[in-house]
Amino acid sequence: MHLSRYFLPILRETPKEAEIVSHRLMLRAGMVRQEGAGIYAWLPLGLKVLDKISAIVREEQNRSGAVELLMPTIQSADLWRESGRYDAYGKEMLRIKDRHERDMLFGPTNEEMITEIFRASVRSYKQLPLNLYHIQWKFRDEVRPRFGTMRSREFLMKDAYSFDLDKEGARHSYNKMFVAYLRTFARLGLKSIPMRAESGPIGGDMSHEFIILASTGESEVFCHKDYLDYAVPGEETDFDDAAGLQATVDKWTALYAATSEMHDAAAYEAVPEASRVSARGIEVGHIFYFGTKYSEPMGAVVASPDGSQKPVHMGSYGIGPSRLAAAIIEASHDEAGIIWPDAIAPFNVAILNLKAGDGATDAACATLERELTAKGLEVLVDDTDERPGAKFATADLIGLPWQVIVGPKGLTDGKVEVKRRASGERISLPLADVAQHIGG
RNA sequence: CGGGGCAUAGCGCAGCCUGGUAGCGCAUCUGCUUUGGGAGCAGAGGGUCGCAGGUUCGAAUCCUGCUGCCCCGACCA
């Protein structure tokens with residue numbers, strides 16, 4: 001992609017409404033544009049990031065055995081009357097009427113609908129366990145949307161719903177998601193810590209929030225520092241090995257970790273002082289088991305082995321990709337701009353043509369673009385007629401992992417400079433070595 | 001939902017108190033000179049001053065109502 005042909009509306013100054021760093025940087029880097037309170041348009045650069053985050057989320061859901069579908073954003077109120085939540089949900093739900101004056105709503109979540117889909121087709125325990133998920137826009141009419149896409153009213157959410165015959169099965173399903181989440185966040189370049197969360201009316205130990213530490217985080221968290229060094233389960237994880245998964249979950253829940261709402265000062269004091277971490281965190285995922293809360297009122301039952309009809313045990317599991325985009329920036333930036341982890345960078349490499357229009361630099365950039373693209377890398381060539389300083393600033397702002405700086409000065413020796421955005425490290429390389437250096 | 005604030009060119013702001021032809025910086029366009037960390041000079045374009053009423057000879061400015069947005073707090077992927 002050539003920057004002169006792209007749509008990247010960079011802001012040199014910070015819009016005054018943006019208070020936190022991720023919001024400022026997303027606006028400045030031309031990733032999003034606010035269209036209303038808590039409502040954002042995703043511009044090309046932001047959309048690429050959102051898509052990459054979603055792709056990783058999707059891969060890890062699939063790996064764990066979950067099955068993707070896609071439910072609508074608009075739902076009928078009748079469905080919600082069945083569960084009793086049409087009245088219970090309150091003003092956070094955006095209620096609308098269609099032309100026939102029927103009560104509709106823009107879905108804030110999909111428990112009712114997935115339960116409806118399930119009960120329509122599943123009759124036997126033999127079809128269990130089942131985990132269905134989708135990645136779809138949600139709307140929650142928050143009293144006070146803020147922090148850009150971190151707390152927006154319209155947001156993208158991956159929500160998965162598991163169905164099992166009994167609680168033990170549900171625990172296995174829960175553990176699958178637990179491990180899938182650890183892997184997902186790690187792949188996104190984040191150190192996530194599962195923290196015991198409010199588990200609602202069901203009680204028990206099956207509700208966790210996945211928190212990443214960031215100084216600008218919304219909640220105060222307390223945990224054992226060893227969590228930060230735990231290796232996440234690898235690709236070889238066998239999600240059908242219930243005992244193995246349980247052991248992993250046990251390991252990841254053995255040490256102290258809690259948000260301020262669940263904080264137990266006495267238990268925290270028991271952690272050796274040198275191992276205590278008190279910090280701020282951002283919730284990037286939430287998983288919980290809720291038993292038969294929806295299956296019972298909505299009649300989602302299956303035949304059990306003894307022939308009796310049993311309401312299924314369910315759990316739901318959420319990750320917000322649109323929030324993650326902001327959370328990742330909160331966790332990875334500096335004064336100059338965003339520092340994208342390789343896995344979700346909108347482009348892998350920026351080629352800065354310091355003298356666009358010059359035959360030698362143009363030719364070198366074209367060669368580099370071809371070679372890097374051939375390595376499977378996505379390349380953004382800054383071929384605008386900006387001055388070098390402006391190009392450096394733009395490249396740092398949008399935070400692509402690699403910058404290849406091509407200028408007349410270096411080219412007289414046949415060399416270009418390669419800069420790693422994260423470390424700031426620059427090395428001078430012969431043109432011919434660049435693709436190998438970056439693309440391996 | 002309680003409390004506070006803002007609304008003037010794409011972005012950041014001044015002007016309002018004390019009413020009298022709407023300004024600055026950046027950005028944009030043209031030309032020349034520049035070109036390795038957000039260039040310089042010269043010129044140009046762009047705003048029914050959030051909306052609706054009112055006061056007045058005259059309103060960005062004073063008054064009333066409305067709308068939108070932001071911040072702090074209680075709630076949330």
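Modeller: Two strands pair if DSSP finds at least two bridges between them. Keep in mind that this is a predicted model.

Colleague: How many bridges join strand β13 to β16?

Modeller: β13 covers residues 276–291 and runs antiparallel to β16. One bridge partner of M314 in β16 is G291. The number of bridges joining β13 to β16 is six.

Colleague: In β16, which residue is the bridge partner of D164?

Modeller: Strand β8, residues 154–164, is also antiparallel to β16, with seven bridges between them. D164 has its bridge partner in β16, and that partner is H313.

Colleague: Are the residues of β16 buried or exposed?

Modeller: Buried means under 20% relative accessible area. H313, G315, Y317 and I319 point one way from β16, while M314, S316 and G318 point the other way. Seven of the seven residues in β16, which spans 313–319, are buried.

Colleague: Which helix gives the most to the lining of the largest cavity?

Modeller: The largest cavity has a volume of about 60 Å³. β19, β20 and α12 each supply at least two residues of its lining. With four residues, the one that gives the most is α12.

Colleague: How many charged residues are in the lining of the second largest cavity?

Modeller: The second largest cavity holds about 40 Å³ of space. Its lining consists of Y40, W42, W137, T149, S152, E154 and S322. By class there are three nonpolar and three polar residues, and the number of charged residues is one.

Conventions: Residues are numbered from 1 along each chain as its sequence is written. Chains are lettered from A and ligands numbered from 1 in the order in which they are written. This is a predicted model: local features need pLDDT of at least 70, side-chain atom pairs count only at pLDDT 80 or more; totals for chains, interfaces and linings use all residues. Side-chain values use heavy atoms; hydrogens and water are left out. Buried means under 20% relative accessible area, exposed over 50%, partly exposed in between (1.4 Å probe, protein chains only). On a 1 Å grid over the protein atoms alone, a cavity is a set of points where a 1.4 Å probe fits but cannot get out, and a pocket is an open set with protein on both sides within 12 Å along at least five of seven lines; lining residues have an atom within 4 Å of a point. Grid points are joined across faces, edges and corners, and a volume is the space filled by probe spheres set on the points. Ala, Val, Leu, Ile, Met, Phe, Trp, Tyr, Cys and Pro count as nonpolar, Asp, Glu, Lys and Arg as charged, and the others, Gly among them, as polar.
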